[in-house]
Every structure is written in structure tokens, then in C-alpha cells.
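Please have the sequence and the 3D view open while reading.

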Amino acid sequence: MPTDRFEPSTIKNKIKREEIARKQKKAKRQDKLQKRLAQAKVEANDPLAKKKRLAQNVPRTLDNTREYDPSILTANPHADPEAGPSTLTEDGSSLSADPVHQPQDESAADIGADPFAAYFSGALDPSVPPKVLITTSPKATRTTYDFCDEIVSVFPGAEFIRRKKGKGFEVGRIAGWAANRGYSHLMVVNEDMKKPNAITMVHLPEGPTAYFKLTSVELSQRISGHARSTAHFPELVLNGFVTRLGHTVGRLFQTLFPPMPEFQGRQVVTLHNQRDFLFFRRHRYAFRSPEKVALQEIGPRFTLKLRYLKKGLPAVKNLGAPSKPLEFDTGDDGQQESKDTEMADGEAEAQAQASSQDYMRKEVVPPTEDEFLWAWKPELETTRRTFFL
């Protein structure tokens, strides 16, 4: 059956066929351009028409079509409550569960019970930055050391110590050593094929422990037109952390910075979560005019992806309890009782001396077994629209 539309493919002459097809494409482009110009003219006179068009023509992406699991998500950030009759009773209770907002008491319980509650309670001095110990994996190379130097400049209270070689320097033992000396965080930069490939973050003294894969590392020297950092406390911007797991990760990063930034430095650290990839950027903003603001990147830039989250400190498998001293049965009960009394007096004197020293703290001992709060597995990603942060 012949079609009403003329098809250039029916023309036998190749030169004429290409000419006709070229003219048709040009006319199609001109019609599309005229339609856009007419639409822009109408929207210039009526701003509500543009808002209506943008509200109706929302593109479908993996971000706004993600699958929301009520067991791990707090709320759907892209959903709007539909208009309708109220579901509240006379006493204020809800008749049905709201699919848009999570109950406030549940969110408050999660936030109040996490190990970061002391940071947000205001008990700490906001002018004192958290002490962060940064180290590397054993036998690190110069590339990893350069990256650690950049990380030290990001966190105001960071300190880098080279990791010694040999046994007895497991991550769990280092975490316990750092916790006993007043450090609040431990960061271990792992290396593979002479390049940094992972970061382990430990919140001291009670955990949790987060392990991130590290990719797309760019140091400040490699960024064109980069700015120089200063010693001011930076501002922190967290984007896209909407789940319970995302709140935990976001609050972990928040405890790495002082709660009160110094706005004189105009430094901003951004951690943007998109499809469970955490993009780290650091900029300095400058006011060009009362209406315009310019950004200049300081660096470094890198990307993180959470692999697992553990409860407490990293475990040390070969952590053994101290052996008991040898005991001999002499048969003399009187002498044994006197010896026990002397030992008890000695222990009491030692405890009194230990309590008199202000710097003595309760010793933190790493566990012997790991307890995972969350771990990524390939079977968890059932679709491309499944995200966890």
C-alpha cells in the first residue's frame, strides 16, 4: 500500500536523492527552531507557562526513578504529598502510614542512639578541631604519601604518622592505640599497584568502621588554576544522603570537621552523593558582585564508594588475653594468706597511683571478631535503580 509521505529512498538518482533528503532535514530543523522561538516568546510574557512546561516535562533518570525501600529509606525526596482528606484523628494520631515522610520519633531514635551523638550534643568545644590520625598500608609508595599530605590539609586536626613494618601493627591495634591517646578518628589509606585504592575510616573510641573504595584521584598540582588552602576551618556541604545508612555515613564525615567553620577562609568542602558514589571536592568562593559568586577549586578531588560498615573497631584475630601467673601450692595456709594480703595492698597502691594521674584513660581494646552492620554484595543490586545511600 503506497504511503502519503514522499520517501527520498524511492528516487533512483543518488545525487538527487541526497539533495532531497538534505532539504527535508533542513526544513525539519527550521520548523523546530521556529516552534522553540515562538514558545520562548510566549513564556517571556507569561512566566507561569514556563513553570508549567518544566513541571510536566520532567526527564526520567536513574536518580528520580530509584526504587525506595521503606526498610532502609527515611523518605522519598522527590515525592510530593497529594492533596486529599486529612488522615489525622481527633487525638492527633494518623490513620495510615505516610509513604512520604518517616515518623519523627523513629528518626530521632536513630540519631540519638548512634555513636556520633556526643559530637552533636554541643558538649565538645567547637573551637577545637577533632584529632584525626592518618596512616597508610604497610610498604606504601611516594604516590600514597603525596595523597596523604593532601588529606592532612583537608581536615584541620589531622596528623600523619608513617606506619611501621612488621607484626603487631594491625589496624585494630592502631585504632586502640589512637583511642587511648585522645584521637577521635583513624584513617588508613590502602594502596594497590602503587596507587591509593581504598580508605578505611574508624570513629574512635567505639566505632563504627567504614571501608570505601577510592577512585579518580586528582591532586591539587594536577588541577588547572587551583587555589591554595589556608588553615581556616572549612564549611561542609553534604548532598544526597537520604537513607538511614546514608545518614550514618554523612554524620561520620561531619564529625571529621569542627562544628563551627571559619567563614573568613571562604573554603567549602563538598561531599555529593549520586548513585552511591561520593564525589569529594574542595573550593574557595569569591564574591565578584552582590549578585555573582565565583568558585576556585583547591583540591584534591576523588570519588568514594562504600563497601561495608562495621560495628566497633576493626577486629584483631590473634588478640589473646594475658596469661595467668603460675601458682604453687606450698601447703602453708598462713604464709599464703600473708602473701595474698601483701599482693592486695600492692594492687590497691597501684590503683591509687593510676587514679591520681589525670592523663590515664580507660584502655580501648579492639574486638576479636567483626560485626558487620552493612556490606555490599552484587546480589543486592537487583536493578540499576537500586541505591543504598
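T65 sits in the loop that connects α2 (47-56) and α3 (104-113). Helices (H or I, at least four residues) and strands (E, at least two) are DSSP runs, numbered from the N terminus. The model is predicted, so local features need pLDDT of at least 70 and side-chain atom pairs pLDDT 80 or more, while totals for chains, interfaces and linings use all residues. Residues are numbered from 1 along each chain as its sequence is written, and side-chain values use heavy atoms, without hydrogens and water.

T65 counts as buried because its relative accessibility is 19%; buried means under 20% relative accessible area, exposed over 50%, and partly exposed in between (1.4 Å probe, protein chains only). A polar atom of the T65 side chain lies 2.4 Å from the backbone oxygen of T61. Beyond its neighbours within four places in sequence, T65 is in contact (heavy atoms within 4.5 Å) with R60 and R385.

| Helix | Residues | Buried residues |
|---|---|---|
| α5 | 142-154 | T144, Y145, F147, C148, E150, I151, V154 |
| α6 | 171-179 | G172, I174, A175, G176, A178, A179 |

The buried residues of α6 pack against β1 (132-136), β3 (185-192) and β4 (195-203).

A nonpolar core is a set of buried Ala, Val, Leu, Ile, Met, Phe, Trp, Tyr and Cys residues joined through side-chain atoms within 4.5 Å. The largest has 35 residues, of which F212, F253 and L278 touch the most other members. A second, separate core of 12 residues includes A178, Y183, V188 and V364.

Technical notes. The expected span of a helix is 1.5 Å times one less than its number of residues. A polar contact is a pair of N or O atoms within 3.5 Å; within protein, one must be able to donate a hydrogen and the other to accept it, and residues adjacent in sequence count only if both atoms are side-chain atoms.
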